[in-house]
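Hi,

Here is the structure I promised to pass on. Have a look at it first, and then read on for what turned up.

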Amino acid sequence: MVGAARSGAGKTAVTLGLVAALRARGLRVGVAKAGPDYLDTRLLGRAARRPAFNLDAFLTGRDGPARSLALAARGADVVIAEGAMGLLDGAPTASTPPVASSAHLARTLGLGLVLVLDATSTAQTVGAVALGLATASGVAPLGVIANRVRSAHHGDLVAEGLARVGIALLGHIAEGALDGLAQRHLGLVDPSELDGFDAWLERARYVVEESVDLEALVRRAPELRLVDPELGEARSRVPVALSVGPSARFRYEENLLRLEAAGAELLPFDPLEEVPDPHARLLWLHGGYPEHYQAALADNGPLWPALRRAANEITVIAECGGYALLARSLEGSQMAGVVPVAMRLGSRPVLGYRSARLVDGPFGARSLPAHEFHYLVPEDDPGEIDVVDARGEPRPGGVVSPRLLASFLHFHLGVDPGLAGDLLRRAGGGGSSETA
């Protein structure tokens, strides 16, 4: 696992360079991301040429990360899991280290820990920072990669500080060497939207190869203890329409695997140009950036009646940006009008772990962990879901009925291996979580 003292694109850039450099050595690299992030997983997946999975002990429960790690490791020689935020940042609980933090995942999954420490405006003190993180987390790091090092002399001073505390320096990255990953209000830009991403990745590979002792890193990495991911294999198929494309990229790859294993026939469609397959029994509208594509969405005239038909006839789950598609309007532009909500873009983010207390809906009556991250502000939100934040503070939000769940919340099917099958059975068509 690649952890960090502080968050930012620097850690992601180093991780992407590591993935590319290991692939260039002929290794099959599995990739994962600590926490609920979507965009970093898409970048990691592009670098590894295979899906990246989220490791999140809040969203998927105590046993979920081990199952997700097993999926990331399938057919791989080595697995790299990028940390989330800082090493000790996770759900605000009393546990040490916090649940869902990178340190918690490293301890519970037996992952080797590599600290990526920003050396800006510091030198020998990097050793004290590394020692403090190791002590606070209870995880002895495999070593440190110092990032944003300004000169060879600066690098020598960093190495001196680490040597004093007995922690290895695996390498250092020169300041500015990995710059170039674009960002927007919800994080890094998706790789499919970046001109020249593959060229940047090749440069990152070269930087890492020249700067990091990859042989020492792989040699020190522990052997993973993998569990059964509990996917199963269903006997019947249920058509499931999924929104994809530039306006709907926020999804968990594990959700797709679990839906398929439970019996889903996945039918992707791009809301900018297409409509859901009329044979679908379940429609899952993913989050994304509908606010950036209002004109293109408006030009797709058949989309709105298709969404209204789906809401009247089949089961629909709409997450965040998908919720906006069902709204009455978005920034003044007409949407499907399935729910009586007007959406506008706010100036501050709403984000964090949540628990959704559901009294009805496609998942049944139950509480489910969730996550939200958005700038959209709803007006006239019906507030039919009891949404509780990680501190236990409730607020109403979203829309729920036996066949509709629309809210800003994102759900992860890895929390319960039987959840996908339950969802398909409720959607109709004989979905089953039984294995053949």
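Start with Trp200: leaving out residues up to four places away in sequence, Trp200 touches Ala13, Leu16, Leu178, Asp179, Gly180 and Leu181 (contact means heavy atoms within 4.5 Å). Keep in mind that this is a predicted model, where local features need pLDDT of at least 70, side-chain atom pairs count only at pLDDT 80 or more, and totals for chains, interfaces and linings use all residues. Residues are numbered from 1 along each chain as its sequence is written, and side-chain values use heavy atoms, without hydrogens and water.

Trp200 also belongs to the largest nonpolar core, which has 36 residues; Trp200 is among those that touch the most other members, including Leu16, Val19 and Ile145. Such a core is a set of buried Ala, Val, Leu, Ile, Met, Phe, Trp, Tyr and Cys residues joined through side-chain atoms within 4.5 Å, and buried means under 20% relative accessible area (1.4 Å probe, protein chains only). Helix α1 gives the largest share, eight residues. Apart from this core lies another of 34 residues, among them Phe53 and Ala130.

On confidence: pLDDT (the predictor's confidence in each residue, from 0 to 100) averages 91 over the chain, and 92% of the residues score at least 70. Residues 430-436 stay under 50, though the model has 24 contacts for them beyond four places in sequence.

Finally, take a look at where α3 meets α9: Arg67, Ser68 and Leu71 in α3 touch Glu254, Leu257 and Arg258 in α9. Helices here are DSSP runs (H or I, at least four residues), numbered from the N terminus.

Cheers

Terms used:
Buried means under 20% relative accessible area, exposed over 50%, partly exposed in between (1.4 Å probe, protein chains only). Helices (H or I, at least four residues) and strands (E, at least two) are DSSP runs, numbered from the N terminus.
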